[in-house]
Amino acid sequence: LMSAPVALAQDQILIKFSHVVAPDTPKGKGAEKFKELAEKATAGKVKIEVYPNSQLYKDKEELEALQLGAVQMLAPSLAKFGPLGAKEFEVFDLPYIFPNKEVLRRVTEGPIGKQLFSKLESKGIIGLAYWDNGFKIMSANKPLIKPEDMKGQKMRIQSSKVLDAQMRALSALPQVMAFSEVYQALQTGVVDGTENPPSNMYTQKMHEVQKHATLTDHGYLGYAVIVNKKFWDGLPADIRTALDGAMKEATAYANDIAQNENDVSLAQMKASGKTQFHEQTKEERAAWVKALMPVHKDAESRVGKDLIESIYKEAAAAGFKM
Amino acid sequence: MNAAIIFGLLLALMLTGMPISISLGLTVLSFLFFLTNVPIDAVALKLFTGIEKFEIMAIPFFILAGNFLTHGGVARRMINFATAMVGHWHGGLGLAGVMACALFAAVSGSSPATVVAIGSIILPAMVAQGFPKNFGAGIVTTSGALGILIPPSIVMVMYCVATTGHPQAPSIGQMFIAGVVPGIMLATLLGFTTWYRARKFGYPRLPKASGAQRIKALRESFWGLLLIVVVMGGIYSGIFTPTEAAAMAAVYAFIVAVFIYKDMPLSRVPKVLLDSASMSAMLLYIITNAVLFSFLMTSEQIPQNMAAWILDQNMGVWVFLLVVNILLLAAGNFMEPSSIVLIMAPILFPVAMKLGIDPVHFGILIIVNMEVGMCHPPVGLNLYVASGITKMGITELTVAVWPWLLTMLIFLGMVTYIPAITLWFPRLLGFM
Amino acid sequence: MLLRLLDRLEEALIAFLMAAATLVIFAAVVHRYLSGVPVIQDYVLHWNLAWAQELCIYMFVWMAKFGAAYGVRTGIHVGVDVVINRMRPDLRAKFVLFGLGAGALFTGIVGSLGARFVYHIAQTEQVSADLEMPMWIVYLAVPLGSYLMCFRFLQVAWTFVRTGELPHHDHAQVDGIDPVEAAKEGGPA
Ligand code: NA
Ligand code: NA
């Protein structure tokens, strides 16, 4: 079922890189950057075609398409790997598992990230890099100061067992809903609130239809750039090295853009005055952490206690006690 | 070149009379098999995931709701209400037919269903009152087309499905809200044509209903009319997403038909379920294959290249829209709306967006085109349905519909070149 | 006999899926609103209906695949028949058979592709996102539905060869509405 590298004229290697967001998002720009760097680094021996906006494959089918060899490269959100059989990846969805970006980097760029990627190999997938979208803020039409404020709120989430548990831990009512429907659902009141990194909230104009948001930074949203294993293993070693190098550079670029977009988006939303943004005090944050820590415990049976604790260790090494 | 092969093959297969869904699927299979490196297993995946989307599920729900209403006595009560309101004007029962079609269109998502529901009751009544058969047939065939313009509308859902993935793709809610004003406008125009011709030929009018009679008719049709509130009110106020509203409409219509109006015995419910499932499956099967087809086109970069080519022609918005209308009217000669929208929209939409046309305006103009297509031969579902009810031949019917069809064409021109007709209302409500 | 049983099973399955999907979404919406009501919410918040959408979608996909097979038997699939309807009967018959054969070919191929795909997915641990149902079971709709549809095309073709008759879906037919009766009732008072 797996396809060998597609040979073009003059033995050029074609990589179809498909993703589900717009070209002008951090991920979209990262994909374009990788195309540019990789084609240069391989002196044109590799041609990369980027298909944005789910043009070829949608969110729900792209992983199967990659496994079939219909596309070679994807950048799905990390929540997609759980249903694939790599439940360990659900750890990324755990609330407050990464106290800050430093701890996140220690995980994604260190041995834990590598170990997680190794879980994908039996699924015919090689993980190349972790790309940020950012840390999430919680929004609704009422102030969300204490965790109790979440009670009974209908909160949009993307399909994920951990996010479901997180909302339930706050006595909120999670509603699974496609990203594209969220704006209208918030506008009309089908759901009360949602969680997003600032850039997603801003590009979908959700700040126009949310009265309040709290800068909780409670969870992380990220992607993994992955390739079809058979395709990757079949590439000449020098090409693989060149692509690895290009990916490293593209990753730094994409993550910088993501951070920058989040900063700019937050500033723009604040300036618009349509949403009231609340900065948490130390005590408030502690209350949210306390309310949400049981989610870690519950997730142990799914993602593994060892994995969670190894991340605690990285946090401790960075000076955070969990 | 590839574009020519793909369209040539599709056209050849379609003209053999095989189901459109099969011609789409076979075109994709043969092309993938002989001419590309796309692994053919992707087809099996797409055949499942092509319809794996919650928005699409509005279609079976609306069909189910519509079937409960058609089989129940909702249509008859709407006709009585309409008759009490406008029956005393020129056109009498005919005018009431237009209004009843518009009312029924507001609870049903399909045009042929509207023709059946209203036509099978009002046409015999009109003949009994001394109207020529072709007058009533013309009214119902064309007014029934309001079924897809006045929300809810299955073809609007199809349009949203066909444009999914494009960053400017409209939402079902936006399309529904945008259909309200054009729908009322077209109903008014069709009503005017009816009134004018009835006055000219001196057709019978009814005695004016008293206030009490009107209130009685309103009260009796109340439960049916309330569905309009459930669907549109529900979507607009945010109680439901469009798909949820459709499911609620189905449950509501079931309760009204079986328990409130008691027009349908419980024993007939399984048959209604089966018919609705079968009709939905047929549409979903077309969608699946059309999604497959548009996947093939995207892989071959055909819409992108076609968009570039059309933009190179520098034809401008005015000419482009004219071309779109001609193309769609031509397609309306051979295919039914769902297939046309699913095949043409993915190609035309990107160009329209590049030309700066509003996605919702473009959608409504496509819908009005589809309405026209349903009312003229050789292929026109409404015409067939009306012919089934009236036992009139298609040629005879074609002559009968022309005054109203002409009205629709004039309206099509207005919708095409006056975007405000479409966009004013959704903008007023802050929906776009 | 066995055929009759298959017919009834097919009909029962798609009618059931239609009803079940409607009720699932109805329940989910009602639950969402009850969860917002103080007091009641304390009882219903812990019910987890997050899987409702996914279940509804899967039920409808199954309904679509099996309903499409039922549709072949009842002649509901629309085609462009304006050209062949103008041909002389023997030539038209050839085109009709060609169309049915093409349908059988397509659905047969798709069924086989689907079977291969399901076999491949069954080797993985893939589950659906919300229900965590094994994906190969979910995808089974493609081979099963397509093979059934293939069988229906062959069945219709065989009947056509023997009797010259095709199933035809009458869009103007509505059960329970008799135009003559309707005229009596529907006419204004
Ligand atoms: Na309608
Ligand atoms: Na037509």
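This note reviews selected features of a predicted model, taking chain A, chain B with its sodium ion, and chain C in turn.

1. The open five-stranded sheet of chain A. Five strands of chain A form an open sheet of mixed pairing, in the order β2-β1-β3-β10-β4. Strands β2 (46-51) and β4 (125-135) of chain A stand at its edges, and because each has a single partner strand, one side of each lacks a neighbour in the sheet. Within this sheet, β3 (residues 73-74) and β10 (residues 220-228) of chain A run antiparallel and are joined by two bridges. One residue pair can be located by name: M73(A) has V227(A) in β10(A) as its bridge partner.

2. The open six-stranded sheet of chain A. Another open sheet in chain A consists of six strands in the order β7-β6-β8-β5-β9-β11, and its pairing is mixed. Its edge strands are β7 (173-176) and β11 (276-278) of chain A, each of which pairs on one side only. Direction ignored, neighbouring strands in this sheet are turned by 25° against each other on average.

3. Strand β8 and its partners. Strand β8 (residues 193-196) of chain A pairs with β5 (residues 137-140) of chain A in the antiparallel sense, through three bridges. In that pairing I137(A) stands opposite N196(A). With β6 (residues 154-157) of chain A, by contrast, β8(A) pairs in the parallel sense over two bridges, and here R156(A) stands opposite T194(A). The residues of β8(A) point in two directions: G193(A) and E195(A) one way, T194(A) and N196(A) the other. All of these residues are buried.

4. The β9-β11 pairing. Strand β9 (residues 212-214) of chain A is joined to β11(A) by three bridges, and the two run parallel. The bridge partner of A213(A) in β11(A) is F277(A).

5. Residue I239 of chain A. I239(A) belongs to helix α9 (residues 237-272) of chain A. Its relative accessible area is 4%, under the 20% limit, and therefore I239(A) counts as buried. With neighbours within four places in sequence left aside, I239(A) is in contact with T42(A), K45(A) and V46(A). As a guide to distance, I239(A) and A254(A) are 15 residues apart in sequence, and their C-alpha atoms are 22 Å apart in space.

6. The sodium ion. The sodium ion (ligand 1) is coordinated by the O atoms of five chain B residues, A105(B), S108(B), G147(B), I150(B) and P152(B), at 2.2 to 2.4 Å. The sequence spacing of these donor residues is A-x2-S-x38-G-x2-I-x1-P. Distant parts of the chain are linked by S108(B) and I150(B), which are 42 residues apart. S108(B) lies in the loop between α6 (92-105) and α7 (111-128) of chain B, whereas I150(B) lies in the loop between α8 (133-143) and α9 (154-163) of chain B.

7. S108(B) has a relative accessibility of 1% and so counts as buried. I150(B) is also buried, with a relative accessible area of 10%.

8. Helix α13 of chain B. Helix α13 (residues 269-299) of chain B has 31 residues, and at 1.5 Å a residue it should span 45 Å. The C-alpha atoms at its ends are 44 Å apart, which agrees with that expectation. Because 26 of its 31 residues are buried, α13(B) is largely enclosed by the rest of the structure. After α13(B) comes Q301(B), with a positive phi near 60°.

9. Chain C as a whole. Chain C contains seven helices and zero strands, and its elements from the N terminus on run α-α-α-α-α-α-α. It has 189 residues, of which 48% count as buried. Among contacts in chain C with a separation of 6 or more, 76% are between residues 24 or more positions apart. Chain C exposes about 9200 Å², and carbon and sulfur atoms supply 67% of that area.

How values were computed
Residues are numbered from 1 along each chain as its sequence is written. Chains are lettered from A and ligands numbered from 1 in the order in which they are written. This is a predicted model: local features need pLDDT of at least 70, side-chain atom pairs count only at pLDDT 80 or more; totals for chains, interfaces and linings use all residues. Side-chain values use heavy atoms; hydrogens and water are left out. Helices (H or I, at least four residues) and strands (E, at least two) are DSSP runs, numbered from the N terminus. Buried means under 20% relative accessible area, exposed over 50%, partly exposed in between (1.4 Å probe, protein chains only). Contact means heavy atoms within 4.5 Å. Accessible areas come from the Shrake-Rupley method with a 1.4 Å probe; for residues, only the protein chains shown count as cover. Two strands pair if DSSP finds at least two bridges between them. The expected span of a helix is 1.5 Å times one less than its number of residues. Donors are N, O and S atoms within 2.8 Å of the metal (3.2 Å for Na, K and Ca); water is not among the atoms, so sites may look incomplete. Axes are lines fitted to C-alpha atoms, for helices over the stretch in contact, and angles run from 0 to 180 degrees between N-to-C directions.
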